[in-house]
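The sequence and the structure come first.

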Amino acid sequence: MSETMTVSKQQIASKRGTLSTFWHDFRQRKVAFISFLFFVLLVILAVIGPYIVPFNPQTPDYNHVLQGMSQKHWAGTDEYGRDVLSRLIAGTRISLGIGISSVLIGAMAGTILGLVSGYFGKWVDKTIMRICDVLFAFPDILLAIGIVAILGPGLKNVIFAVAFFSVPSFARMVRGKTLEVKEMLFIEAEKSIGAKTNRIIFRHIFPETIPIIIVYLTMQVGTAILAAASLSFLGLGASPSSPDWGAMLSMSRDYIGTAFNLVFFPGLAIFLTVLSLNNLGDGLRDILDPKIKD
Amino acid sequence: MHNLLNVNNLQIAFRKRKKSIKVVNGVDFGISKGEIVGIVGESGCGKSVTSLSIMRLFHDTSGEVVGGTIQFKEKDLLELSEREMRRIRGKEIAMIFQEPMTSLNPVMKIGKQLIQGIMLHLGLNREEAKQQAVEMLKLVGIPRAESIMNEYPHQLSGGMRQRVMIAIAMSCEPELLIADEPTTALDVTIQAQILQLMKKIQRERGTAILLITHDLGVVAESCDRVVVMYAGRVVEEATVEELFESPLHPYTQGLIESVPKIGNRKEELYSIPGHVPNPEAMPNGCKFASRCPYVMDICREREPQLVSNNNGRKQRCWLHQSIKEEERKTIG
Amino acid sequence: MVDNELLKVKGLKKYFPISNGWFSSKEYVKAVDEVSFSVKKGETLSLVGESGCGKSTLGRLINGLIKADAGDIVFKGDNLAEASETKWRSYRKPMQMIFQDPYASLSPRMKIKEIIAEPLKIHDPSLSREEREAKVKSILEICGIDYYHSDKYPHEFSGGQRQRIGIARALILQPELIIADEPVSALDVSIQAQILNLLKKLQKDYQLTYLFISHDLSVVEHISDHVAVMYLGNIVEIAPREAIFEDPKHPYTKALLSSVPIPDPKLKRESIILKGEIPNAANPPKGCKFHTRCPLAMSICSKEIPIMKTVGDKQQMVACHLYQ
Amino acid sequence: STTRSSSDSGGAASSDKKDKDINIAVNQDFTTLDPHNVSDTLSISATHAIYEGLVGFDKDMKIQPVLATDYKISDDGLTYTFHLRKNVKFQDGSSFNAEAVKANFDRIQSSKDALIASHYLQYLKSVKIVDDHTIQLILNQPFSAMLNKLTMVEMISPKALKDQGDKIGMHPVGTGPFEFVKWNQGESLILKKNPNYWDKGYPKVDQITYKSVPENGSRVDMLKTGEADFIYPLPEQSVQALKTQNDITVDQTTSNIVRYVTLNTNKKPFNDKKVRQAMNYALDKNAYIKVVKSGFGSELDSTMAPSTQFYSKQKVYNYDLSKAKELMKEAGYAKGFTAEIWGDTDSATMKGMQFIQQQMARINIKLKIKAMEQGTLSDAINTPKSPDDAKVQMWYVSWSPSSGDADGATRGLFSSAAFPPNGSNTAYYKNGEVDKLIDKANQTTDVEKQKSMYATIQKDIYNDAPWLFLGVDTNLSAHVNKLKGVYVLPDGSIQVKEAELQ
Amino acid sequence: MKKYIVKRILGIIPLLFVVSFLIFLFIHLVPGDPARLIAGKDADLQQINAIKHQLHLDEPLYKQYIDYMNNLFHGNLGESIKSKVPVSELIGERIVPSLELSLLSIAWAMVIGVLIGIISAIFKNRWPDNIGMITAVSGISLPNFWLGLVMIQIFSVKLGLLPTGGIETWKGYLMPSIALGAGIMAMIARFTRSSLVQTLKEDFIRTGRSRGYSGLTIVFGHALRSSLIPVVTVAGLQFGFLLGGSIVVETVFSFPGMGRLLINSIQMRDYPVVQAELMLFSFEFILVNLIVDLLYGFLNPKIRYD
Ligand SMILES: Nc1ncnc2c1ncn2[C@@H]1O[C@H](COP(=O)(O)OP(=O)(O)OP(=O)(O)O)[C@@H](O)[C@H]1O
Ligand SMILES: Nc1ncnc2c1ncn2[C@@H]1O[C@H](COP(=O)(O)OP(=O)(O)OP(=O)(O)O)[C@@H](O)[C@H]1O
Ligand SMILES: [Mg+2]
Ligand SMILES: [Mg+2]
């Protein structure tokens, strides 16, 4: 009686425990936590951004083009006289959406391929890796042209395209680590208790690859935002006039010498996003790794 | 006072979130030059942690020394700077770790792992160091020593790895060798050979050895003195002869009784009943009280101190000391 | 096939390639070389022998973790030597392994309660969470680990505790055969006794069979029914326990027994110290592999390989020219 | 391979540049130096330095004799007689004469249309050598733009043609003021002075190096650091900054590049003239120039630029929102409609399309911008089998008639025979009157008549508004003050013959 | 090992066959018509058809492929549709500078990246780590063109130290390689840090420490090698991408590299050039990844291929 009591108590404690200790551990890590708050802010902006902007991000004002920072326009105005700050805020949704979703999808597919390739080795590995090699060799622009031709333009397709480009990289990264991990003794132990291949790969090898996936993923988000913009210039993605950060940055290229704010603010937005994701990733990874945690 | 190493009231805790859990709480013992001291004790009682803290190798774990001193040749190791400590490690104090697989660098050839330290501490050049390394491997009974130099740890058997660890630790002629279960993975012939080797260096070079082991046979054969630990504390200390002749602490008695002996086969082996209390909920009194056949009321209330009699024999048990004695000691 | 024979190994062979540098020719370590034996259900066969003689390799071969170069592994009447991974998997529940290196064999990112529940999840997915947890708790406590520790990760344990976790993982499925590679080497004698008692009790209750690899001859004596002595990849003597301990035949067995340390500082034993270099497994001596270190070596020993032969009346088999 | 000097030339100034060498930074790579097979303006700049035609343009796009000393056109407009300049030698030493001229025309004609220049000679029937220095071109129908086209047909040394064959594009030999030295793919093109140039006194510099500097900002920076003496094009955004530098001059010259958006008149709702006009009225051209062109450019007040032959100014659709809305309402589109606008993927186009999008939104036309990579775009425009299959609705694009002639600025854009894939009439503009006049003007030999016909054509088209008429570009270039004589022609090619360093 | 390498190298040949076919198919099926693109805006249908005929683009695809492969076997990569320059020459002129630039970029990015990664790992979660992180994130999230143009402003226009572009002297390589390497450096730094943090927790590091090795010996001699697998992977990948050239950097610094050639030839649908370049890149990726695979085996002897 008393024994069962203690068990269930402990169970409850540990159940509630995981989440709350996670939260507790997380708050311990100041940098990661601040980054997390920033990220939450971004998500909020992505949701309500378009409704709280000081100016309509699309309305031009040809009488006030290319103005510097001022009381009225904190981040200045662009070549059409649109408020840069408003555009940044309104652009959070698209940029964050494309950046994160495409990288996530790419990471997912790449990770699976990498795990399978690394674990099974032999011809499976050869086939997957050589396909990756060829995909690497295909320049993005050519693939993009192909994708537009096959799928047509659209936001979904740009996400797909960016994801597609990042698949081989993730696959190779993960494969490299898999090759290493699969030789470890605890994997052998797992085999010896009869774990199915699936389980070994996804429950045991995969967690070991998470750290590098996190690093690569958080690094790639910025690249993805920029890549999405260059694809939208190829007619693949969002309308070039939609306020996404990458597009804003690319459009401002010609103004780098004359209207620095046009380059600076979108650049800053991407920088901060990537920085916060990286910090967040580091923090998460530390918490997930029982050895580093302490 | 011993002239080489003195550990005084050592306390070690692991932080876990906000909690700090003491796993070692009051370890006292000492080693003189050229002495072999054995530490035995229940698994998980803090032997390895104690030896790590002598080396100050808590660097990356959440563990830390929260009390006590570790005196090594007049210096308190806990006070030394990392740089000074580094000069001591490997050269003056060397250590053989318990887990030979994970303690060897998996991506470095055995030879290199040996040579590096030899070059660093003995000031030999690469060629000489290499010879010394091969010599060492042969001494610890590694077959085909030359070719093993070029192999990686995963290509060796468990026992071979352990011998490599031993070779690494002994290669630099330390003054104190801490050996954490050095012979568990070795067959008895090799074990005998290793023990002989250790004794030899002890005799010839005056190396002191702190031998952590579960094998009471090994203890009986090689140690001068024995320290018995239980639940993070030293519960008894005696010379080998005394200990095996007349163990004082009930835990020691239980241990000795548990040993299976060849030619004396029983259907069931004796084992000490019950469990170690968990470190977060340590009882107030004697930590062994719940398992002790001689338990008294006082055992549950107050923890006995480690008390030494005239000839240096120590115990921590109410059976062999009175409250007065304890008080006398604390006053004195 | 003897009817209650659970495991039979015949002519098993495993050579590991070793290469020194890129362009040198390949050499092989003959880790396991023509090993044959069989184990009856409910019995314990202990493997003893020099470190590096191939015991762990043999264990891994039998457990199918590495592929044999030659030979048969017959488990419950099925030859598994050439079996596919899927077929193997169906035998993984009745056959469990305890690894020599407990720490490395535990998944570093799993709490130990997850590690121990792992076999249950694999082979008994129908169990409810609560049932599983209850089982984990009970096996942990049987192995002497307080359930309080179950939320910790492997690196937070002492060597002996890790070893017990490994044992718990192997026991939780109540397998038929356990290949235990040095399962109690890191345990203090009291807990060791506890575990050995447990193993014996399980054997009695459930007809468990053990392949028990150990260096500790007193433990071996306590637990085994039969003992096989290995030297450099070969079995040199295999016999019922009493025969080995009371009347060892092979000079190597004799040397082993004489080297067992005795837990009594006043008793000084007469151990046979083996002379000579330990031979190279990549290039073992011709003839009897032991002849270079054998105190009784004869001229024939360096020329001819002795064959296994029954000696005496106790099913004692020895490979030694002294008895040919 | 590339030249590299190990000598430390100190500072940023590039390699071993001598006193009379000039560097010109341009925005693209040269594609070919075969004057008969060149289509991009930049390569044309280079061929103009190496080669010359029988006639050529002066600074104001007036036709001047060059390798011909004079020419005569027969009254029926079918025979062109050229007297060739004497004592002219190709850069390989072979002499320039009627044989050489004929060899060049033969090359083009025998290519069976595969050389780009054959397009200029589509009405040429035969070439007749009258004597060593006189040659006659006989046409099969009168062609008003013939002389303009001939400016694009430059003379290659027949010897080199024979030696090099197809590879002439890499080893050009002409009669021009500069001869070929070296072409580092993707990096630079080096020309040196032709010491035997017939026009004595020219050239006045020893060497010209064209450098491909695609980045706008970098080109400007090169001018600042002295790595370039002349840059073209000069990005509009940098003009202000450069004007303050007193060792640098910014040049603005008119161009014949017109910017517009075609409206597919074959498709609803663009088939309604009112809609098209409304769209034109809704367009603030001043804002266009200010925003998209950074203030450089002028309104497009006809179907062609003022520097084009037979240009005639029209009454522009002044920015008038209410009128535009009115017209939309009349057309039944008070609520507007949605449409797609297509365009290239370069940032200037992108900027223009966004501007159009913003403007059209004011009369409730919601535009979707569809930028397409040029190959895809060209396929999208040219693959439809018939006008009804065409998907294009609006196309943001520009045009410049390479030989500055009215035919080149009209036929391919507005003749109903030029519907894709045959030509560039992506407005699918069809006006019987205009069609007739285009053909007639071509065949007339009377310049005044031609002029009035083209005036009618322009008026009709402008009124029909098959385009959104946006603007005419200004060519912007900049050079260091000590360099004189390098200028940009309205078609965007750089003329270097008169280059001079002071 | 020997056998493995030989096998893999021989394996590249049939692979390239398949690859050549895939590439051929892909680039010919992507929309776009080279004849129209080179003919220019004035051209009419007749002229376009004539050009097509001249280029054999009107023949069935399989025949074009056979012709192409036939030429290839005779060592002839064809010539550019656009400029008639032999493809071998077009690529040949650019591959050397591209290769030099790539090597320079990867070299410094590796060295600095690994160093930053090491420092970050040692000073984990303290200020040097934070600075390292900010440097790394800047490296990856600052657009190349921005970095390039700002560098030109500083080093060429203001200080007059370096040429704005071109490769007339070795100085021309400096800024492009910085712009190119920044992102790679960032990646490498982050991966180095991440794996090193993990490795430094391993037991064998403790062994090293117990022998009295200095921190540097431990990091460089013991920990680094086991941490390099992900680093080598990214470095390999990035090197591959580098050789393909970066359009942005080549544009900003007027660098005559493969990237611009590639983009121009794709835009012009200059099939022979695109085909040759893509085959070259495939070959190069296969090769680089072979080397990376071999490095895996060197870095972790447990990884074996057979
Ligand atoms: N990193 C850690 N975090 C938390 N607790 C730890 C950690 N390392 C060790 N411990 C705990 O400290 C106690 C002492 O461990 P230690 O390794 O010293 O035992 P030991 O006496 O060497 O045992 P064994 O004989 O089994 O090796 C154990 O209870 C163990 O659970
Ligand atoms: N992966 C491998 N590659 C090469 N050689 C190996 C490998 N694994 C084991 N060996 C060699 O095989 C021989 C037998 O090793 P094994 O681990 O089976 O010994 P063991 O009997 O278990 O020894 P111990 O008692 O020391 O654990 C040894 O010589 C070892 O060096
Ligand atoms: Mg221990
Ligand atoms: Mg073993």
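Of the eight pairs of chains in contact, chains B and C have the most contacts between them. The model is predicted.

**Chain contacts**

- Chains B and C share the most contacts among the eight pairs of chains that touch.
- Chain D does not touch chain B, and the nearest C-alpha atoms of these two chains are 43 Å apart.
- Chain D makes no contact with chain C either, the closest C-alpha atoms of that pair lying 39 Å apart.

**Magnesium ion in chain B (ligand 3)**

- Two residues coordinate this magnesium ion, B:Ser48 through OG and B:Gln98 through OE1, at 1.8 to 2.2 Å.
- The two residues come from distant parts of the chain, 50 residues apart: B:Ser48 belongs to helix α1 (residues 47-54) of chain B, and B:Gln98 to the loop between β6 (93-96) and α3 (100-103) of chain B.
- B:Gln98 has a relative accessible area of 14%, under the 20% cut-off, and therefore counts as buried.

**Magnesium ion in chain C (ligand 4)**

- The magnesium ion that is ligand 4 is coordinated by OG of C:Ser56 and OE1 of C:Gln100, at 1.8 to 2.2 Å.
- C:Ser56 sits in helix α1 (residues 55-62) of chain C, whereas C:Gln100 is in the loop between β6 (95-98) and α3 (112-123) of chain C; the pair is 44 residues apart and links distant parts of the chain.

**Helix α1 of chain C**

- Six of the eight residues of α1(C) are buried, so the helix is largely enclosed by the rest of the structure.
- The buried residues are C:Lys55, C:Thr57, C:Leu58, C:Gly59, C:Leu61 and C:Ile62.
- C:Gly64 follows α1(C) and has a positive phi, near 70°.

**C:Val74 in chain C**

- C:Val74 lies in strand β4 (residues 70-75) of chain C.
- Its relative accessible area is 21%, so C:Val74 is classed as partly exposed; buried would require under 20%.
- Leaving aside residues up to four places away in sequence, C:Val74 touches C:Leu6, C:Leu7, C:Lys8 and C:Asn79.
- C:Leu7 is 67 residues from C:Val74 along the chain, yet their C-alpha atoms are separated by 5.6 Å.

**Helices α3 and α5 of chain C**

- α3(C) packs against helix α5 (residues 159-171) of chain C at an angle of about 30°, and the axes are 7 Å apart.
- Because angles under 35 degrees count as roughly parallel, α3(C) is roughly parallel to α5(C).
- The crossing of α3(C) with α5(C) is right-handed.
- On the α3(C) side the contact involves C:Ile112, C:Ile115, C:Ile116 and C:Pro119, which meet C:Ile165, C:Ala168 and C:Arg169 of α5(C).
- By class, the residues of this contact are six nonpolar, no polar and one charged.

**Helices α9 and α10 of chain E**

- Helix α9 (residues 203-210) and helix α10 (residues 215-243) of chain E cross at roughly 165°, with axes that come within 10 Å.
- Angles over 145 degrees count as roughly antiparallel, so α9(E) is roughly antiparallel to α10(E).
- α9(E) passes α10(E) in a crossing that is right-handed.
- E:Phe204, E:Ile205, E:Gly208 and E:Arg209 of α9(E) meet E:Ile218, E:His222, E:Ala223 and E:Ser226 of α10(E).
- The contact of α9(E) with α10(E) contains four nonpolar, three polar and one charged residues.

Notes. Residues are numbered from 1 along each chain as its sequence is written. Chains are lettered from A and ligands numbered from 1 in the order in which they are written. This is a predicted model: local features need pLDDT of at least 70, side-chain atom pairs count only at pLDDT 80 or more; totals for chains, interfaces and linings use all residues. Side-chain values use heavy atoms; hydrogens and water are left out. Donors are N, O and S atoms within 2.8 Å of the metal (3.2 Å for Na, K and Ca); water is not among the atoms, so sites may look incomplete. Helices (H or I, at least four residues) and strands (E, at least two) are DSSP runs, numbered from the N terminus. Axes are lines fitted to C-alpha atoms, for helices over the stretch in contact, and angles run from 0 to 180 degrees between N-to-C directions. Angles under 35 degrees count as roughly parallel, over 145 as roughly antiparallel, 65 to 115 as roughly perpendicular and the rest as oblique. A crossing is left-handed if the near helix is turned anticlockwise from the far one by less than a right angle, and right-handed if clockwise. Contact means heavy atoms within 4.5 Å. Ala, Val, Leu, Ile, Met, Phe, Trp, Tyr, Cys and Pro count as nonpolar, Asp, Glu, Lys and Arg as charged, and the others, Gly among them, as polar. Buried means under 20% relative accessible area, exposed over 50%, partly exposed in between (1.4 Å probe, protein chains only).
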